[in-house]
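We will take one stop at a time.

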Amino acid sequence: MALIDGPTTAVPLQAIPFKRLRLTKYKVKIPQFTFTHVVRKALVAADIETKYKETAAAKKIMAKENRKTMNDLNRFKLYKAKKAINNLVRREVARLRYQAKKKAAK
C-alpha cells in the first residue's frame, strides 16, 4: 500500500494499493510522515501539475473525458473528419505504391 496525498487536486490523504497507481518520472523530495501543507508547497514549487498535464497519459485521460461529454452531432463530425483523413492517407499510399511499382518495372 502507498500513502498518497493530492492537496492541489483535492485527493485526500489515503492508502492505495500499488497496482492501482500509475507512476510517473516526476519526483518531489519531502520528509517522511509530513503534513499536507508541506506536500502542497513542494508540489507547487516543483510545478508538478503542469508537467503532468504535458504527459501522454494525462492527454489520453483528457481525450477520454472529452469523448464522454460529446453529443451525437459532435461524434458524427468526428466520424466524418476521421473518414476524410483516412481517405486522404489511403489515396497517398496508393499513389506512392503505384510510383514504386512503376520504377521497379523500368
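Which residues does the UniProt annotation "domain: Large ribosomal subunit protein eL14" cover? According to that unreviewed entry, the answer is residues 14-84. Keep in mind that this is a predicted model.

**Stop 1: the annotated span**

Select residues 14-84. The span is 62% helix and 4% strand. Its end C-alpha atoms lie 47 Å apart.

**Stop 2: the hairpin**

Select residues 2-6, which are strand 1. Pick Leu3. Opposite Leu3 stands Ala15, in strand 2. Now look between the strands, where the hairpin has four residues. Ala10 takes a positive phi there, near 65°.

**Stop 3: the loop between two helices**

Select helix 2 (48-53) and helix 3 (56-69). Thr55 is in the loop between them. Is Thr55 buried or exposed? Its relative accessibility is 17%, so Thr55 counts as buried, since the cut-off for buried is under 20%. Next, show the side chain of Thr55. One of its polar atoms lies 3.3 Å from the backbone nitrogen of Ala58.

**Stop 4**

How many salt bridges does the structure hold? There are two.

Begin with Asp72 and Arg75. These residues form a salt bridge, and the closest N and O atoms are 3.9 Å apart. Asp72 and Arg75 are separated by about one helical turn because they are three residues apart in helix 4. Asp72 is exposed, at 58% relative accessible area. Arg75 is partly exposed, at 42%.

Then move along to Glu92 and Arg95. Their side chains meet in a salt bridge, at 2.4 Å from N to O. Both residues lie in helix 4, three residues apart, about one turn of the helix. Arg95 counts as partly exposed, at 39% relative accessibility. Glu92 also counts as partly exposed, at 36%.

**Stop 5: a nonpolar patch**

Select Leu73, Phe76 and Tyr79. Together, Leu73, Phe76 and Tyr79 make a nonpolar surface patch of about 330 Å². Zoom in on Tyr79, which sits in helix 4 (residues 72-105). Tyr79 has a relative accessible area of 44%, so it is partly exposed.

Conventions
Residues are numbered from 1 along each chain as its sequence is written. This is a predicted model: local features need pLDDT of at least 70, side-chain atom pairs count only at pLDDT 80 or more; totals for chains, interfaces and linings use all residues. Side-chain values use heavy atoms; hydrogens and water are left out. Patches are made of residues with over 30% relative accessible area and no salt bridge: like charges are joined within 9 Å, nonpolar side chains (Val, Leu, Ile, Met, Phe, Trp, Tyr) within 5 Å. Accessible areas come from the Shrake-Rupley method with a 1.4 Å probe; for residues, only the protein chains shown count as cover. A salt bridge is a side-chain nitrogen of Lys or Arg within 4 Å of a carboxyl oxygen of Asp or Glu. Buried means under 20% relative accessible area, exposed over 50%, partly exposed in between (1.4 Å probe, protein chains only). A polar contact is a pair of N or O atoms within 3.5 Å; within protein, one must be able to donate a hydrogen and the other to accept it, and residues adjacent in sequence count only if both atoms are side-chain atoms. UniProt positions are given in the numbering used here, feature names are shortened, and annotations may be inferred rather than shown by experiment. Two strands pair if DSSP finds at least two bridges between them.
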